[in-house]
Structures are given as C-alpha cells and as structure tokens.
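Hi,

Here is the structure I promised to pass on. Have a look, and my notes follow below.

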Amino acid sequence: DYFSYALLSAVSVLVIACPCALGLATPTALMVGIGKGAENQILIKDATALEQLCRIDTVVMDKTGTLTEGRPSVVDWIAAGPDLPEYRNMICAAEMKSEHPLASAIVNYLSAHEAQPCEVTSFVSLTGRGIRFTAGNADYWLGSRNLMAEETDVRIETAQQTGASIVYFGTADRLLAVIVINDTLKATTPPALDQLRRLHIDIAMLTGDSRKTAAALAERLGIRHYRA
C-alpha cells in the first residue's frame, strides 16, 4: 500500500525534524476535543477514551433526560376510590421529601391544584420502587409497586402504550389512586438516532421505568434492544 508507506515516512520525518511541534499538537488536539465535548454536555473521561471512540459499535442510552426532555409532568390522575383532598395533601408532603425525578412532577401538579402539604412521618425511600410513609394513624405507599388485584381503569393500559410512566398510591390493603406522568420526547432525538444508524452504530436503551413504558418508546424510536 503506497499511501500507508508514504504517510508513515512523512510522519517519521516530522517526528525527527520537528518533535516539539508534533508533541504539542497531539495533546492540544485532544484537549480541544474533550473541551468541545464538555460544551455540548458530553463528558469524556480521558484521551484514551476519546481515541477508542472511533471503534465503538453500540451506544447505550438512558431514557429520561437523554431521549426525553427530562421534565416530566402529570397528565392524568385516576382515583381508584374517593378522591379526598387529604390524600393529595399527604402525597404532596411526602413527595417533597423524595429525590426521585418524578417526585417534582407530582409536587408541581398538586401545588397547581392548591394542595396543602400536611405532616407525614416514618418516611422511607424504597430504592427503585417508591416511598412509604405515615400520615395520621395510617400507613401509605407511593411508587411503582402494583398492588391491584384487578384492573383499575382502561386508561392505565392506554397511558403505558403511549410511553407514560405510572405511579400508584395506596394503603396496605387497597389502591387509592393512579398517577400518569409523561415526559416529552426531545425533538432532536429521532434525527440523532438516525445519524448514529448511518454510522452503523447500534442503539440500546436502559431505563428504570416499567417494561410497557420502555417498550412503547423503543417501538416509537425503532430501538430493538432495551432493558427496563
């Protein structure tokens, strides 16, 4: 291969004739590349990671805040029984203690509907599942655990098919409400995924959301591999 031989010879001459310039140019280029990535919210660990980037064949993405806007909002509130104001008050108070990304969406919704946070005790965060708390003399839970013995409403199934997240609220023996939360897909997501596919890079999605919600978004974006 004449080109490879010529290129190797040219670089050899450069290294011998002007080693300082070449020695400075390479780390400078790497620093500029890593810096430009940081400006676009892309964090690159080091120079080795940047050099290896050209050989990747798969990109694994999170859902919330990466494929979606990361600003979820409540789009439906389904009462499974009496929709008492005190239920909304205690949910608002409990979620104000939570650090989950969906908690702020619920608090914003309830605050807009004039909920008044009440005193809650025995607050426990259940990683990956939800929260448990006490209000008055009763224990409540709020999160992804589905304690329904039968279907509550056809709207739940419909919401999951559109990619919405479902949060359940209830006591130890019965479901009280179902909260439907949606996070808008970024307008830049479809063209970005198309560009990756043109580079022959496969795409996978990881999410802490439910399998139905993940499946709906994966189908919408044409993502074959996902874990929920």
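By contact I mean heavy atoms within 4.5 Å, and helices (H or I, at least four residues) and strands (E, at least two) are DSSP runs numbered from the N terminus. Bear in mind that this is a predicted model, where local features need pLDDT of at least 70, side-chain atom pairs count only at pLDDT 80 or more, and totals for chains, interfaces and linings use all residues. Residues are numbered from 1 along each chain as its sequence is written, and side-chain values use heavy atoms, with hydrogens and water left out.

Let's start with helix H8 (residues 189-198), where Thr-189, Leu-193 and Leu-196 are buried (under 20% relative accessible area, with a 1.4 Å probe and protein chains only). Seen down the axis of H8, the buried residues fall within an arc of 55° (taken from the directions from the helix axis to the C-beta atoms), so they line one face of the helix. Their cover includes strand S1 (58-62), helix H4 (63-67), strand S8 (202-206) and helix H9 (211-221). Just after H8, His-200 has a positive phi of about 60°.

Now the inside. A nonpolar core here is a set of buried Ala, Val, Leu, Ile, Met, Phe, Trp, Tyr and Cys residues joined through side-chain atoms within 4.5 Å. The largest one has 27 residues, and Phe-133 and Phe-169 touch the most other members. Another core, of 14 residues, lies apart from it and includes Ile-201, Met-205, Ala-214 and Leu-221. Leaving aside neighbours within four places in sequence, the contacts of Phe-133 include Met-90, Ala-94, Tyr-140 and Phe-169.

Cheers

Methods: Buried means under 20% relative accessible area, exposed over 50%, partly exposed in between (1.4 Å probe, protein chains only).
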